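Hello,

Here is the structure I said I would pass on. Please open it first; my notes follow below.

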Amino acid sequence: MEALGQRACLPCSFGEPAKMMRFWWSIGSLLALVSGSKPWDVPVLQPQSNATGKLHWEPACQYQLRHLQDGTRITAVLPPRLEGHWVSTGCEVRPGPEFLTRSYTFYPSRLFKAHQFYYMDPYCRDPSYSLVIKGKVRLRQASWIMRGATEADHHLHKVGIVFHSERAMRHTAALMNQSCLGFMLTTRSWVPGTLHELLSAKAGRDCTAALGFTMHELGLVRLERQYQQQESTVSEELFLGDIHTEKMERIHYRPTGYQRPLQNAMHHVHPCPACGLIYQADEHHPPILPLVPELPLHLSGKWASIHCEARPAVLFLMRYFTFYGNNRTWEGYYHHYSDPLCKQPTFTIYASGHYTKGIPSSKVKGGTELQFKVTRAKVTPMDKATVLLLNSSAASTCGENGSWTIGADQDITSTNGCNALGIRLPHTEYELFKIEQDAKDRTLLFIGERPTDGSNPDTPAKRPTSYQAPLVQCVGASGVFPSHVNQKQLAVPGSSRSIVLTPAPLASLLLIAGFHVLRQN
């Protein structure tokens, strides 16, 4: 196995070909917006005539992803009805890292009250401080940046902070006094339960900048309703705008993707041990989540997306990876789509390579640091726009020039990647991984979140400090199905209304998320 300690100059420069891809995405989004009869009426593109059939996954992984192939089980609520109480389903990790849980209540009057509980640890058991945020939100129109989302405006009325330890108070007060003179005397004693005002619209006071706090996440909203046929239940998930991976950029950033969804406190997936605790909490009584065992990083096996994943700004995808622990090699597939239900494929990328032995992260407790190297890749275009883009590439920059066709893969290793898609080969990335077990006893794999600016974590300094949506282990290292999979159900044929694809790649190729098109100012 080739050593991965070598430093490679692998800039994420997209050049003119990538501008063409941005152009096609932009035109498609614009046409979808202007051809609707109502603000929420975003037309659905018809799938390609040759894109019928079903996804070809391993049987166990196919079982895990069956809800993705049946559009009746997940529906978008347009316009989204925000009224109600929405809570985190577990401890969330934001870039930094920041560990938190959220509890948001929206009222029919368009007013909202939000709680954000921050912690010192990745298990959300050691509270640091709590924020209570009050304001008003107004839905606007369907987003032309993120298909299936709704844009919104918000206005903050008040923001208050309650410290849960003297250490947290002194650390935060020191930051506050740098940008908001006189916010708090650093010699002041900590008084449990004291609410300190950070922002007051009426008084014209705003001391939130030192915390890097904004509520720009309310600028992009998507509400999904999921029908659990086996359990005859309905759950609702609220997706709010993503948080910029660079703290200094958060104040000006307008979301082009989503963060981990909140669930309706009255209609959530069961079991959810954290949901009730977060629902009952307030700024004076932060939730202390149940202790979660720290699992070793055993990657061997097959891992697949739990749901259709969104990436800034217009990417939707499903991932499917296989890790071989005996020689630390991997292969993976990324299936890219143009719609938020992953029904309309655009292209697939296959990649393979090897990775290093992991070491515990010193920056993100509970995480493991690794290096991944991509040495081989293939691309399969699945629609006419992608074929046109690839065939217009300069010679020797993306496979065999002028020979791309729908549904046929090409190896791009000999051209050192594909300029049109921003892929460089060979490519090394500095990664962050974590494994957890959820309340349903499923084993989940969390892979580091991609930089918001579309660049790659190709140096140790750019290693992620937060995670993407998790993958679920659908086949273990031995090839035996996990205990929660009913093998009798694996033989049930998929719906003929589903889509055809051949498998898609690993975190290392999330540089594809560099298709950050036309961001809001």
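A disulfide joins Cys-308 to Cys-342, with 2.0 Å from S to S; the term covers a pair of cysteine sulfur atoms within 2.5 Å. The torsion about the S-S bond of Cys-308 and Cys-342 is about 75 degrees, so this disulfide is right-handed. Cys-308 lies in the loop between strand 13 (301–305) and strand 14 (309–311). Cys-342 lies in the loop between strand 16 (329–337) and strand 17 (345–355), 34 residues apart from Cys-308. Helices (H or I, at least four residues) and strands (E, at least two) are DSSP runs, numbered from the N terminus. Cys-308 is buried at 14% relative accessible area, and Cys-342 is buried at 3%. Buried means under 20% relative accessible area, exposed over 50%, partly exposed in between (1.4 Å probe, protein chains only).

The model is predicted: local features need pLDDT of at least 70, side-chain atom pairs count only at pLDDT 80 or more, and totals for chains, interfaces and linings use all residues. Residues are numbered from 1 along each chain as its sequence is written, and side-chain values use heavy atoms, with hydrogens and water left out.

By the sulfur rule, the count is five disulfides. Another one links Cys-398 and Cys-418, sulfur atoms 2.0 Å apart. With -85 degrees about the S-S bond, that link is left-handed. Both Cys-398 and Cys-418 are buried.

Now strand 10. Seven of the nine residues of strand 10 (residues 220–228) are buried, so it is largely enclosed by the rest of the structure. Eight bridges join strand 10 to strand 11 (residues 233–240), and the two run antiparallel. Leu-223 stands opposite Leu-238 there. Strand 1 (residues 74–76) also pairs with strand 10 in the antiparallel sense, over three bridges. Pairing takes at least two bridges found by DSSP.

Next, the largest nonpolar core. It has 36 residues, and Phe-106, Phe-112, Leu-131, Ile-133 and Met-215 touch the most other members. Strand 7 gives the most to this core, five residues. A nonpolar core is a set of buried Ala, Val, Leu, Ile, Met, Phe, Trp, Tyr and Cys residues joined through side-chain atoms within 4.5 Å.

Last, confidence. The average pLDDT is 80, and 76% of the residues score at least 70. pLDDT is the predictor's confidence in each residue, from 0 to 100. It stays under 50 over residues 1–55 and over residues 479–521. Where pLDDT is low, the predicted coordinates should not be read in detail.

Best wishes

Technical notes: Contact = heavy atoms within 4.5 Å.
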